[in-house]
Amino acid sequence: MQGDRAHLQTAEEYLSHAYDIPRVWPSLPMPDEPFVTSWREGSGREVLDFLADEKVLPVHRRTWENREAISISFAQTMGGKLPVITTGSHCDFRQMEALLNAREEVRKLPITVNAFAMVTRAESIFRHRILLLNRAPYSNLQAGEEAMTFFWEVQSAHQSPSWHHKSGWCSKPAVLFDQKGTCHRRTRCRDNLPGDAEE
């Protein structure tokens, strides 16, 4: 016990050269950051009008598909509450991401990307931490043929991930889906599956 106590004291002394060790740890969740208060004024308001009037953002220079579906809410995190901006279309999601970052061009985001944890760059909201979400099914793909076609295309683009088996590393993918959506599983590296690239 004496040895452990002496070791702990040495560790505290060592760490004190890097930063002060708090005697009382902060309670969780932490208090909201100051910028959050100003976003509360957007609750219940037309969001684009709020962003234009209160945040002085050029929302009217952009084209919106469904402005009525855009909303502001708040999410509790261990670091305090964060504003959550939710859109109703992928187009509006991309427009909002560009708006909050003061960027003229709209990024060509994949349709499967529907969420961001952002630190904004627009001058009037510089370094505000915001969650940006879009209402969409998982991966923004409906179940069925469209989803299977997507996964087939993704897999075709990544034909050489390495996987490990008893004899070492293998450059062939462990699982393949054929174009009908049937799953084929490889148990040995020398097994050939439908969809394997010809060597």
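Reader: Let's start with one residue. Which residues does Thr86 touch, not counting those up to four places away in sequence?

Author: A contact here means heavy atoms within 4.5 Å. Leaving out residues up to four places away in sequence, Thr86 touches Ala69, Ile70, Ser71, Leu133 and Arg135. Before we go on, this is a predicted model, in which local features need pLDDT of at least 70 and side-chain atom pairs count only at pLDDT 80 or more, while totals for chains, interfaces and linings use all residues. Residues are numbered from 1 along each chain as its sequence is written, and side-chain values use heavy atoms, with hydrogens and water left out.

Reader: Where does Thr86 lie, and is Thr86 buried or exposed?

Author: Helices (H or I, at least four residues) and strands (E, at least two) are DSSP runs, numbered from the N terminus. Thr86 lies in strand E2. Buried means under 20% relative accessible area, exposed over 50%, and partly exposed in between, using a 1.4 Å probe and protein chains only. With a relative accessible area of 11%, Thr86 is buried.

Reader: How many helices and strands are there in the protein?

Author: There are 5 helices and 8 strands, and along the sequence they follow the pattern α-α-α-β-β-α-β-β-α-β-β-β-β. Of the 199 residues, 33% are buried.

Reader: Now the sheet. What order do the strands of the open sheet have?

Author: In general, strands of a sheet pair through backbone hydrogen bonds, either parallel or antiparallel. Here two strands count as paired if DSSP finds at least two bridges between them. The open sheet has 4 strands in the order E1-E2-E4-E3, with mixed pairing. Strand E1 (71-77) and E3 stand at the edges with a single partner strand each, so one side of each has no neighbour in the sheet. On average, neighbouring strands are turned by 30° against each other, direction ignored.

Reader: How many bridges join E2 to E4, and how many join E3 to E4?

Author: E2 and E4 run parallel and are joined by 4 bridges; in E4, Leu133 is the bridge partner of Thr86. E3 and E4 run antiparallel, with 5 bridges between them.

Reader: Which residues form the covered face of E4, and which the uncovered one?

Author: Ile130, Leu132 and Asn134 are on the covered face, while Arg129, Leu131 and Leu133 are on the uncovered one. To see what lies over the sheet, look at H4, which lies across E2, E3 and E4 and runs at about 165° to E4. For that angle, axes are lines fitted to C-alpha atoms, for helices over the stretch in contact, and angles run from 0 to 180 degrees between N-to-C directions.

Reader: Why is H4 described as largely enclosed by the rest of the structure?

Author: Because 10 of its 11 residues are buried. The buried residues of H4 pack against H3, E2, E3 and E4. Just after H4, Ala102 takes a positive phi of about 55°.

Reader: Which residues have the most contacts inside the largest nonpolar core?

Author: Nonpolar side chains tend to be buried together in soluble globular proteins. A nonpolar core is a set of buried Ala, Val, Leu, Ile, Met, Phe, Trp, Tyr and Cys residues joined through side-chain atoms within 4.5 Å. The largest one has 25 residues, and Trp39, Leu51, Leu57, Val59, Ile85 and Met96 have the most contacts inside it. Helix H2 (35-40), helix H3 (47-53), strand E2 (80-87), H4 and strand E4 (129-134) each supply at least two residues, and H3 gives the most, with 5. Leaving aside neighbours within four places in sequence, Met96 is in contact with Leu48, Leu51, Trp64, Ile70, Ile85, Thr87 and Leu132.

Reader: How many aromatic pairs does a search of the whole structure find?

Author: Rings of Phe, Tyr and Trp (its six-membered ring) pair if their centres lie within 6.5 Å; planes under 30 degrees apart count as stacked, over 60 as edge-to-face and the rest as tilted. The search finds 2 pairs. One of them is Phe93 with Phe116, stacked at 5.6 Å centre to centre with 5° between the planes. Phe93 lies in helix H4 (residues 90-100) and Phe116 in strand E3 (residues 115-119), so the pair ties together parts 23 residues apart in sequence. Phe93 is buried, at 0% relative accessible area.
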